Amino acid sequence: MNKHEYKDLWVYIQHDGKAVHPVSLELCCEIRKIGDASREALAAVIVGDLPESEKDRVLDCGVDKIIHVSGTGYDFFNTDAYTNLFTVLCRKYKPSAVFVGGTIFGRDFAPRFACRLPTGCTSDATQLIWNPETADIEFVEPAVGGKMMAVITVPDARPQVGTIRPGTFKYAPTGRRACITAEEIIDFPVGEIRTKILDFKADEFDESLNIADADVIVCVGNGVKGADQLPKYRELAELLGGKLGCTRPVFDRGILPFKLVIGQSGVVIKPKLYLAFGVSGAVNHVTGITDSDRIVAVNKDPDAAIFRYCDYGIAGDMDEVCGMMIGKLKAGKKLSPQKDVI
Ligand SMILES: Cc1cc2nc3c(=O)[nH]c(=O)nc-3n(C[C@H](O)[C@H](O)[C@H](O)COP(=O)(O)OP(=O)(O)OC[C@H]3O[C@@H](n4cnc5c(N)ncnc54)[C@H](O)[C@@H]3O)c2cc1C
């Protein structure tokens, strides 16, 4: 395999026929930067019809090429047809990399077509770096329980496939460029799709579980004694006009739902204020909070790693500090980390 025969960076544009999934736009913006460095074109792969206004949003991310695919088998997300589609397309066009949003669907079909090609697929990278010496993309992500950052490359195969979680990269469109469109028809026999939709029930929408865009997050870590302690953290979040989040062990203990988990395998947040109570500061969690404007951490262990990442650190008991903050806020007083709670 001569990897120099492979060119162009692809982003799969996941959509439901009405709107593009935000992760696809975030990916276009980030991969645009890699394309500028490696002098490769950025191509958006769109399957099925997309409203013009949504296509415009894709173009605004600086896409050089659209590969528009139509055919049978794509009426609903299914692994069989999409695995085949990307296998066929990659064999024909030879892209150097393919990026897919780390949604439930993307995480399902991306490793499958990577395996068929065959090439490597990296999931959940939190940073992508193009190495000019090797011409490889370095997928950087926490490993060994967050004790180290692993750099994963696919040096001997192409394309380099990656699934990236929603919210990992910023949606920051750089503007349009001249863009060409290639039309492809790839039919997949509908009878060969092994999954069927029998029924569809949308999740009941609970706004309190939608934390990705919250301005204030009160995060409860594994230091919490139990579910009976939660009301005070909820109250603090409400007083600050924010929402509750948690670390993964709090979900593992059955105290809060997975949608509130922040970090590498959870949600990436970008609040103005993030308050961590009883959070140790493991890399897998910190990965999801680094875009916070202000970080306040409360931990009884003065050597806890979370203190390396925060703007204000409070060494103390989380329940006591939370209670004091509530008292101050209710009394209409401004909180001063130096005077009030250390
Ligand atoms: C592949 C992978 C992905 C992962 N993804 C995620 C993820 O997305 N999000 C995530 O959160 N984790 C994730 N993890 C788990 C992660 O590695 C850590 O185990 C986790 O973040 C630790 O959570 P914690 O800090 O709440 O708990 P702990 O590490 O148990 O820390 C609890 C902290 O509470 C403090 N404490 C205890 N009692 C009190 C008290 N009374 N007052 C004040 N402080 C107190 C302790 O000093 C300690 O620092 C992942 C792990 C792996 C392997």
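Colleague: Where is the place of D124?

Modeller: D124 sits in the loop between β5 and β6 (127-131). Helices (H or I, at least four residues) and strands (E, at least two) are DSSP runs, numbered from the N terminus. Before we go on, this is a predicted model, in which local features need pLDDT of at least 70, side-chain atom pairs count only at pLDDT 80 or more, and totals for chains, interfaces and linings use all residues. Residues are numbered from 1 along each chain as its sequence is written, and side-chain values use heavy atoms, with hydrogens and water left out.

Colleague: Why is D124 called buried?

Modeller: Buried means under 20% relative accessible area, exposed over 50%, and partly exposed in between (1.4 Å probe, protein chains only). D124 has a relative accessible area of 11%, so the word buried applies. Its phi is near 65 degrees, a positive value in a residue other than glycine.

Colleague: What about D8, buried or exposed?

Modeller: D8 has a relative accessible area of 9%, and therefore counts as buried. D8 is in the segment before β1 (9-13). Although D8 is not a glycine, it has a positive phi of about 90 degrees.

Colleague: Why does R253 count as partly exposed?

Modeller: The relative accessibility of R253 is 38%, so it falls in the partly exposed class. R253 belongs to the loop between α6 and β13 (273-277). Leaving aside neighbours within four places in sequence, R253 is in contact (heavy atoms within 4.5 Å) with N222, V224, K225 and G226.

Colleague: And why is Q229 called buried?

Modeller: Q229 has a relative accessible area of 16%, so it is buried. You will find Q229 in the loop between β11 (216-220) and α5 (230-239). Apart from neighbours within four places in sequence, Q229 is in contact with V224 and D319.

Colleague: Which residues around the ligand are the closest?

Modeller: They are N222, T247, S265, S280 and N284, and 25 residues surround the ligand. A residue is near a molecule or strand if one of its heavy atoms lies within 4 Å of it. Both α6 (248-252) and α7 (283-286) supply at least two residues of this shell.

Colleague: Which peptide bonds are cis?

Modeller: Among them is the bond that joins L117 and P118, where omega is about -10 degrees. The bond from R158 to P159 is also cis, with omega near -5 degrees. P118 lies in the loop between α4 (104-116) and β5 (121-123), while P159 is in the loop between β8 (148-152) and β9 (160-164).

Colleague: How is the protein chain divided?

Modeller: The chain has domain 1 (3-192) and domain 2 (207-341), with bounds from an automatic or database domain assignment. Their contact takes 12 residues from domain 1 and nine residues from domain 2.
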